[in-house]
Amino acid sequence: MQTVRNYRAHLQSAVAASAAPYGYTLTIWTSGAVTTHEQGLPTAWQALLFLFGAVIGFGLTAAVAYGRPTEIFASRTHGFVRLWGAFHLLSVGLAIGFVAVVVELVDNSVVWLLVGRIATTVYLMAIAAQFTLADTKGR
């Protein structure tokens, strides 16, 4: 029985540690797929634009979250998030929805920059709201 409890504890740790990266992976992959469907395969330059957009989106969201650049990488310990807060239908769905609108409206290489930024920003802000609601409901 102790082995089963240890396994479950490790499984819980793996699920908790993977929740946000899993959702972000879904967001980036599906956003790229939506854009590729509309725009075709990206050139190397367009792929770099997507990367730059994602980095800009992450940086801007981190600045909003922490208030100033020196605080962005400061480690903080927060409580756990209830499991339902890790289901990414809303956060990924919102990001894909925004991306779908952008790829319909923008028909040039700038779309790759916009998609990386929008997908990243919308996902991070939505998952933070989702985690907040999960944490609040759990109390």
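Of the 139 residues in this chain, 29% are buried, where buried means under 20% relative accessible area, exposed means over 50%, and partly exposed is in between (1.4 Å probe, protein chains only). What you're looking at is a predicted model, in which local features need pLDDT of at least 70, side-chain atom pairs count only at pLDDT 80 or more, and totals for chains, interfaces and linings use all residues. Residues are numbered from 1 along each chain as its sequence is written, and side-chain values use heavy atoms, with hydrogens and water left out.

Helix α3 (residues 89–105) has the highest mean, 91, while helix α4 (residues 110–137) has the lowest, 86.

Now for the layout. The chain has 4 helices and 0 strands, so called because helices (H or I, at least four residues) and strands (E, at least two) are DSSP runs, numbered from the N terminus. Contacts show how the chain comes together (a contact means heavy atoms within 4.5 Å). Among those between residues at least 6 apart in sequence, 85% join residues at least 24 apart.

Let's head inside. In soluble globular proteins, nonpolar side chains tend to be buried together. A nonpolar core is a set of buried Ala, Val, Leu, Ile, Met, Phe, Trp, Tyr and Cys residues joined through side-chain atoms within 4.5 Å. The largest one here has 16 residues, and V99, V102, V103, V111, W112, V115 and Y123 touch the most other members. Two or more residues each come from α2 (44–66), α3 and α4, with α4 giving the largest share, 8 residues.

Pick out V103 and look at what surrounds it. Leaving aside residues up to four places away in sequence, V103 touches V34, T35, E38, Q39, V111 and V115. Another one to find is S31, in helix α1 (residues 2–39). S31 counts as buried because its relative accessibility is 0%. With residues up to four places away in sequence again not counted, S31 is in contact with V99, V115 and A119.

Stay in helix α1 and you'll find T36. Is T36 buried, exposed or partly exposed? Its relative accessible area is 24%, so T36 is partly exposed. T36 touches L41, P42 and W112, not counting residues up to four places away in sequence. The C-alpha atoms of T36 and V103 are 9.3 Å apart, although 67 residues separate the two along the chain.

Over in helix α4 sits Q130, which is buried because its relative accessible area is 7%. Q130 and H88 lie 42 residues apart in sequence and 8.6 Å apart in space, C-alpha to C-alpha.

The chain exposes about 9200 Å², with 70% of it supplied by carbon and sulfur atoms; accessible areas come from the Shrake-Rupley method with a 1.4 Å probe, and for residues, only the protein chains shown count as cover.

Definitions and conventions. pLDDT = per-residue confidence, 0-100.
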